[in-house]
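Subject: Structure handover

Hi,

Here is the structure I promised to pass on. Please open it alongside this email. My notes follow below.

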Amino acid sequence: MDDIADDRLQGQDFGFCLFDPHELEEAKNAVCSGKVDIFIEGKLNGWKDAPLNVGITGNSGTGKSTFINTVRGLTDDDPGAAPTGVVECTTVPTPYEHPRNPNVKFWDLPGVGTPNFPRLPTETHLGYLDSVGFDRFDFFLVFATQRFREEDLWLASEVTARGKRFYFIRTKIDCDIESRKRSNPRQYRQNPDGVATEVMQLVQNDIRANFEEAGMSNVPVFLIDSFEDSKYQFPALEGRLLLDLPKIKREAMIYTLTSVTKDRVEEKVNVLKDRIWKVATASAAAGAIPIPLLGAAFDVVLILNEMKFYSEQLGLDNESLDRLAKKTGMDVGIFKDITRTLPVGELTKEAIKSAMTSLAPTAVEMVAEEASKFIPFIGFLISGGLSFGATYWFLDYNLNKMKSVALDIIDVATTHEAEVDRMVE
């Protein structure tokens, strides 16, 4: 595991949740001061207030702007998209907010060594890093394509010397693979995956050799196609960024990522599960709607909002399904048909109450079991153990179902894209 380990791993693992002892202590203090609602709100939504600034630099034509659009779930012709083109479009550092979280900003920075942004200070200009506002960025993505430039080495060295992380992004790897395909068609037809792997390894080795020659080892290098967030090393790049960020900023980033891959779904579900005991605590404290057969009550509005959040995060809401359909060229109805297998179809208060009532006969024992597991650790927070257990079980049950449906949709989309690729070849 990466040396940037999540503090939660030091907590108590019960197979269904990881309790962070620090959070439990904070919760106890909140109870003593009568501020449980403030504590829960902060733990559920504190990530929204965590600023994350990503500096993205490189020459024109390297795919910076397209990457900024793709990582925000936009295409180049969507409203709010970063302008793209082979001519340098960026003359000043320009922030682009993520549609899901305006505190997450991707900054398109001018290239190093342009007249207004020289490497080093001159009589009329600051040095590059000071000109772009180096200190405000959490980390840098240095973009390049095909030729490895001296400016790339210089910038990477300066960023490292100032104590910030950088990641070297080699774009247009799809063009390199396509070039090999055209020059060696028989080899490609016989083993397309092998050819792609060989090309990527050659490119990666060349980049690392350049860095090592300059005295820089273990540089994180990722080969991507800026248009495709589920191909090549784009998912690996996102995963590495998540590992390297501190916890609160990691949450801010993972909740804003729109890429749809199996790894991302698994990561999001793990983070979402950590929210459940907090939502269940708040629901039990405010619960007003009784559930027949369970002898428990819960806050239906809170549960509804949380499930909407799960749906959006796992790409099951209408906007996400429309985006996936547009990307894959598939009928969105195919994806919506898969979502109809969910226990709660349309996310409304009535549907939540109906689903809880219909599931109650089979849930009684499990609800009591969940409550008995948690009470020794969060009993100081709530008086309604069954209410807590009912909410926890209901959210956990539905999140697992949503995960399964999200993975099924990815399988369908991936199979379709693979068939299209074969037809093109």
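Start with a charge over a ring. The charged end of K164 sits over the ring of F134, 5.5 Å from its centre. Keep in mind that this is a predicted model.

F134 itself is buried, with a relative accessible area of 3%.

Now the aromatics. Searching the whole structure gives 13 aromatic pairs. One of them joins F134 and F140: the ring centres are 5.3 Å apart and the planes lie at 15 degrees, so this pair is stacked. Planes under 30 degrees apart count as stacked.

F140 also pairs with F137. Here the centres are 5.2 Å apart and the planes meet at 65 degrees, so the pair is edge-to-face. The cut-off for that label is over 60 degrees.

How accessible are F137 and F140? F140 has 0% relative accessibility and counts as buried. F137 is buried too, at 1%. The limit for buried is under 20%.

These rings belong together. One aromatic cluster is formed by W107, F134, F137 and F140.

Best wishes

Key. Residues are numbered from 1 along each chain as its sequence is written. This is a predicted model: local features need pLDDT of at least 70, side-chain atom pairs count only at pLDDT 80 or more; totals for chains, interfaces and linings use all residues. Side-chain values use heavy atoms; hydrogens and water are left out. Rings of Phe, Tyr and Trp (its six-membered ring) pair if their centres lie within 6.5 Å; planes under 30 degrees apart count as stacked, over 60 as edge-to-face and the rest as tilted. Buried means under 20% relative accessible area, exposed over 50%, partly exposed in between (1.4 Å probe, protein chains only). A charge sits over a ring if NZ of Lys or CZ of Arg is within 6 Å of the ring centre and within 35 degrees of the ring normal.
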